[in-house]
Structures are given as C-alpha cells and as structure tokens.
Amino acid sequence: MTASAQIGAPIWLIGCGNMGGALLRRWLAEGLGPVAVIDPAARNLPPGVEASARPPAEGKPDIVVLAVKPQAWAQAVLPLAGRLGPLTLVISVMAGVRTEDLARLFPGAGIVRAMPNTPSAVGQGATALFTRDGDIVQGAAEALFQPVGQTIWLSDETQFDAVTAVSGSGPAYVFHFIEALAAAGEAAGLEPAMAMRLARQTLIGAAALAAQDGATPAAALRERVTSPGGTTAAGLSVLMPGLTPLLEQVVAAAAARSRDLG
C-alpha cells in the first residue's frame, strides 16, 4: 500500500520552520493529507498553503506532527487539549523530548519519535524512528516518512542523542566541508567561484556514487580513488590521522547538547 493510500486523513502540523516546511512539501507532493498547518509565525509555507495560529475549529486529526523548538513545545501544544481523538497518532520530530514526556500530555495516544534531517526536503532524508506501540503505529509512521527518504527504526530511545548528532546535525558538517574544501582550493590558486563549484559538485558526485554502490563499504570506495603513492594518497596522509578523532569530538558535543535539551 502506498503512503498516500495509507494516510488520506487529517494531519495537523504544529510548527512550520525549516524541518516542518521540508516535511510539508514532500507530503503535499505525495498527496498525503489534508494537512492543517498550525504556526502563528510560519515562514516556510509552499505556494497556496496557509497557516493558522490555532487548530481548526472543527474535527479531530488522525495524526499530529510536532515540529516546534524543543524549548517551546509544552506551550505550543496547549491548544491541542481535548482536541485529539482516541486513535490519534502523535509524532514528534523534536530533539530531546522523550516518549514519556509526550505520553503524559497525550495519554492514550500512539506516540512516535522521529528524527529526520534537512535533505528530507528533496526526498533524500534519513529518518530515525522509535515507538513503544504496535505495528499499526509503525506502519502509519513509515507511510509518513518514506516519501522523504530512508527510515531506520531504533530499538532503544537513548540512541536518539547519537542519531541527532550524526544524521540530524550531519548535513551542516557536510556543508561546512564544502566551504572548507572550496577555501583550500582558493588557497591553492583557484578562483573563488571555480573552487566552490568544484567542491560542491565533488561532494554531490561522491555521495551519488556511494548511494548507487550502497553494498560497497565506504573504505573500499575510498581505496578505489587512492593510487599508491599518488596525489590522493598524499592528501589523505594529512587528512585521515586527524579526521576520525575530530569527528568523534564533534558528534560527542552534539549528542551531549541533545541530552541537555531533554
């Protein structure tokens, strides 16, 4: 069954910032919904879509998606009091907000935590999911997030801090690597626009190659590019000794912040 066939009933999206807007565009493209956007300051609305400061005056949602900032979520959901039906599914895409916190405010509802990332906007996202509820809840969540990319189910909710640090924050690390590679190209003598174009397309192409050859380990792909004693080997001799410990520190810092938000 397709996602649009599984989810053809009301979805209330609470919050339409960067992530909420990215999810909304994909859902509309896949024919999911209808989607009611509840956000008094929505800034990422697709053309023709309007947002409201409060939930619809009538009806109950089948699915509520919470995409507000973790620090403000308890206040943001107050207008939902008494508005959810007995079978409403609550899905949170907020870092650090635990299932037990959600269950206290939404007793009896199915609860799913999700951590998508910004490439979801182009259908290339990675979404980690967790629920303590059954297969029906999992199926509905799959139908909602498969249109935005790949889904991975976690067995332990505590893994979300690491997920947030790796795939949630990871696109920013990649974008900064593009910046750094372009800057290094400039330092080596390239014009700025040329260096940025080469750096950007190199990341895009390498990622596409890794996706196409998904069964091959990343180390094997790296070795294919690296001729013994060649230019790539010379560059990697500088990059590799420091990169892994640096990224371990980066991920640890982001994971610690995720725990703090919880």
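Helices (H or I, at least four residues) and strands (E, at least two) are DSSP runs, numbered from the N terminus. Keep that in mind as you click around.

Before we start, know that this is a predicted model: local features need pLDDT of at least 70, side-chain atom pairs count only at pLDDT 80 or more, and totals for chains, interfaces and linings use all residues. Residues are numbered from 1 along each chain as its sequence is written, and side-chain values use heavy atoms, with hydrogens and water left out.

**Stop one: the sheet**

Colour the strands. You'll find an open sheet of eight strands with mixed pairing, in the order β3-β2-β1-β4-β5-β6-β7-β8. Two strands pair if DSSP finds at least two bridges between them. Look for the edges at β3 (51-52) and β8 (149-153), each of which pairs on one side only.

Now select residues 63-66, strand β4, and residues 89-92, strand β5: these two run parallel and are joined by four bridges. Which residue of β5 stands opposite Val65? That's Ile91.

Next, select residues 18-30, helix α2. This helix packs on the sheet, where it touches β1 (11-14), β2 (35-38) and β4. Contact means heavy atoms within 4.5 Å. The direction of α2 makes about 155° with that of β1. Axes here are lines fitted to C-alpha atoms, for helices over the stretch in contact, and angles run from 0 to 180 degrees between N-to-C directions.

**Stop two: a loop residue**

Go to Ser120, in the loop between β6 and β7. Is Ser120 buried or exposed? It counts as buried, at 0% relative accessibility. The cut-offs are under 20% relative accessible area for buried, over 50% for exposed, and partly exposed in between (1.4 Å probe, protein chains only). Show what surrounds Ser120: leaving out residues up to four places away in sequence, it touches Ala22, Leu23, Arg26, Gly125, Thr127 and Val148.

**Stop three: two helices side by side**

Select α6 (residues 160-168) together with α7 (residues 170-187). Their axes are 5 Å apart and they pack at an angle of about 30°. That makes α6 roughly parallel to α7, since angles under 35 degrees count as roughly parallel, over 145 as roughly antiparallel, 65 to 115 as roughly perpendicular and the rest as oblique.

To see where they meet, pick Ala165, Val166, Ser167 and Gly168 on α6, then Gly170, Pro171 and Tyr173 on α7. These contact residues divide into four nonpolar, three polar and no charged. In this scheme Ala, Val, Leu, Ile, Met, Phe, Trp, Tyr, Cys and Pro count as nonpolar, Asp, Glu, Lys and Arg as charged, and the others, Gly among them, as polar.

Stay on α6 for a moment: Phe160, Asp161, Val163, Thr164, Ala165 and Ser167 are buried. Their cover includes β6 (110-115), β7 (125-131), α7 and α10 (231-261).

Then zoom in on Tyr173, in α7. Tyr173 is partly exposed, with a relative accessible area of 27%. Besides neighbours within four places in sequence, Tyr173 is in contact with Ala165, Val166, Val250 and Ala254.

**Stop four: salt bridges**

How many salt bridges does the structure hold? Seven. A salt bridge is a side-chain nitrogen of Lys or Arg within 4 Å of a carboxyl oxygen of Asp or Glu.

Start with Glu157, which has a salt bridge to Arg113, with the closest N and O atoms 3.0 Å apart. This pair links distant parts of the chain, 44 residues apart: Glu157 is in the loop between β8 and α6, and Arg113 is in strand β6. Glu157 counts as buried at 12% relative accessibility, and Arg113 is buried with a relative accessible area of 5%.

Glu157 also forms a salt bridge with Arg132, at 3.4 Å between the closest N and O atoms. Arg132 lies in the loop between β7 and α5 (135-145), so this pair ties together parts 25 residues apart in sequence. Arg132 counts as exposed, at 54% relative accessibility.

Finish by selecting Arg98, Glu100, Asp101 and Arg104, which salt bridges with shared partners join into one network. Inside this group, the side chains of Arg104 and Asp101 meet at 2.5 Å, N to O. Both lie in helix α4 (residues 99-105), three residues apart, about one turn of the helix. Arg104 is exposed, with a relative accessible area of 56%, whereas Asp101 counts as buried at 10% relative accessibility.
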